[in-house]
Amino acid sequence: DPLPAAASCEVVTADPPLELPVDPMIRAEAASIEAELDHAWASYAIGRYTAASTQASALAQRVARLALPALQASVLLLGGTIEARIGDGARARKLLEEAAVQAARANAPELELAVWTRLLRQELFAGRPDRVIELGVIGEATAVRAGHEGAEILGLIGEAQRTTNKLDGAKLNLTRALASKDGLREDQRAILEMN
């Protein structure tokens, strides 16, 4: 595939919230937090949830002192993801909602989409399909802002609609998700097809 025209590419430095901090101490602290955040996600990925939770809590305290909303959103996303897995569902929701605000504040649509996907998944697994249906339009709008069709979001909405016996809407959204040009993993595609 040919590369897009240069004029259509985003100029990251043109958006002040995405610029690196000017202060070298803040820049060094942000780099340190990012590296530790990667380690915490790795701990989560291999099932070391307690270690990941401890790391996420420490990172949340450190990042709160910095005026870096994208980094704060990333740390909150990890904390919410861990809480959703092993902790309190209400706390997970609170962390993820704050992560969505920080990602929006940072004008980071890909990060915001990751947060909304996780938040809607959390609501679905917590047994609140009506909330997924209600908030799904925000997730879909976020996907569009990020340059996606929102296959994962549409799949979650469709699953919530199926759960609440809104079968016409479920069929529509699941079909849209499957027809989307967004990349889906094979397991995601299988779940959509099953639903």
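Mentor: Helices here are DSSP runs of H or I with at least four residues, strands are runs of E with at least two, and both are numbered from the N terminus. This is a predicted model: local features need pLDDT of at least 70, side-chain atom pairs count only at pLDDT 80 or more, and totals for chains, interfaces and linings use all residues. Residues are numbered from 1 along each chain as its sequence is written, and side-chain values use heavy atoms, with hydrogens and water left out.

Trainee: OK. Where is Q102 found?

Mentor: In helix α4. Q102 counts as buried, at 6% relative accessibility. Buried means under 20% relative accessible area, exposed over 50%, and partly exposed in between, with a 1.4 Å probe and protein chains only.

Trainee: And what does Q102 touch?

Mentor: P69, A70, Q72, A73 and L76, leaving aside residues up to four places away in sequence. Contact means heavy atoms within 4.5 Å.

Trainee: Switching to α6. Where is the kink centred?

Mentor: On L135, and the kink is about 45°. The bend at a residue is the angle between axes fitted to the seven residues ending there and the seven starting there.

Trainee: What span should the 17 residues of α6 have?

Mentor: At 1.5 Å a residue, 24 Å for residues 129-145, and the end C-alpha atoms are 24 Å apart, which agrees. The expected span is 1.5 Å times one less than the number of residues.

Trainee: Which residues of α6 are buried?

Mentor: P129, V132, L135, G136, G139, T142 and A143. They pack against α5 (109-125) and α7 (151-163). An α-helix has 3.6 residues a turn, so residues three or four places apart point the same way.

Trainee: How do α5 and α7 pack?

Mentor: At an angle of about 15°, with their axes 10 Å apart. Axes are lines fitted to C-alpha atoms, for helices over the stretch in contact, and angles run from 0 to 180 degrees between N-to-C directions. α5 and α7 are therefore roughly parallel; that term covers angles under 35 degrees.

Trainee: Which residues make the contact?

Mentor: L113, W116, T117, L120, R121 and L124 of α5, with E152, I153, L156, E159 and A160 of α7.

Trainee: Now the loops. What is phi of N107?

Mentor: Near 55°, positive in a residue other than glycine. N107 lies in the loop between α4 (89-105) and α5. N107 is partly exposed, at 41% relative accessibility.

Trainee: And N165: buried or exposed?

Mentor: Exposed, with a relative accessible area of 59%. N165 has a positive phi of about 65°, though not a glycine.

Methods. Angles under 35 degrees count as roughly parallel, over 145 as roughly antiparallel, 65 to 115 as roughly perpendicular and the rest as oblique.
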